[in-house]
Amino acid sequence: MAPEPSVAPMTLTTVVASTRPGRVGRSVADWFTARAAEYDQFESHTVDLRELALPFFDEPHPPALRQYTKSHTREWSRIVDASDAFVFITPEYNGGFPAPLKNAWDYLVVEWQHKPAAFVSYGGVTAGTRAVQMAKQVVANLRMLPIGPTVSIPFINELVEDGDFRPGKIHEAAAEQVLDELARTARVMRRLRSGTY
């Protein structure tokens, strides 16, 4: 896929939601980030919430004010602000998404606005789809645009060998749909944020 002439590549940030020992989310994220890197339209990178290690929200001011007092908040703000689009890699915990993901969203407000959000979910028979449905409500409230296409991976443990996620053709095809839609949407929303649309 060739980028538009004279248009800088967009920054796509893939966020690993699970922080627990033994998780498979990082291997799924590594696969997706590698797929995204094949797109000329994106500069793709991964943020692992376990490595980011945000404490539970600890700023004294509402995040909409952007009056941050902690270095970890300023760093997270910088990452999110510089991103044009997001993919959230999430399992399903008790019918919802992991608490560290909600915490990461709650730290910021303005930085998320007018950016597309996509989801790659995994789990057992439900493939994490209930977590995605709940997550879409949260990101929409942050004025992000949750796109329609998703990657849903049921029975994830059958697809992990020696710590690496081994996707099937259906997962590869779904990832391509997600990336195509993210590229189209992120391009328009970048213009919206810059006031040129």
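Val15 has Val47 as its bridge partner in E2. Both elements are DSSP runs numbered from the N terminus, where a helix (H or I) takes at least four residues and a strand (E) at least two. E1, residues 10-16, and E2, residues 42-48, run parallel and are joined by seven bridges; strands count as paired if DSSP finds at least two bridges between them. Between them the chain passes through helix H1, residues 25-37, in a right-handed β-α-β crossover, meaning that with the strands pointing away from the viewer the path from the first strand over the helix to the second runs clockwise.

A word on the source: this is a predicted model, where local features need pLDDT of at least 70 and side-chain atom pairs count only at pLDDT 80 or more, while totals for chains, interfaces and linings use all residues. Residues are numbered from 1 along each chain as its sequence is written, and side-chain values use heavy atoms, with hydrogens and water left out.

Back to E1. Five bridges join E1 to E3, residues 85-90, again in parallel, and Leu12 stands opposite Ala85 there. How many of the residues of E1 are buried? Seven of seven, with buried meaning under 20% relative accessible area for a 1.4 Å probe on protein chains only. Met10, Leu12, Thr14 and Val16 point one way, and Thr11, Thr13 and Val15 the other. In a regular strand, side chains alternate between the two faces of the sheet.

Key
Buried means under 20% relative accessible area, exposed over 50%, partly exposed in between (1.4 Å probe, protein chains only).
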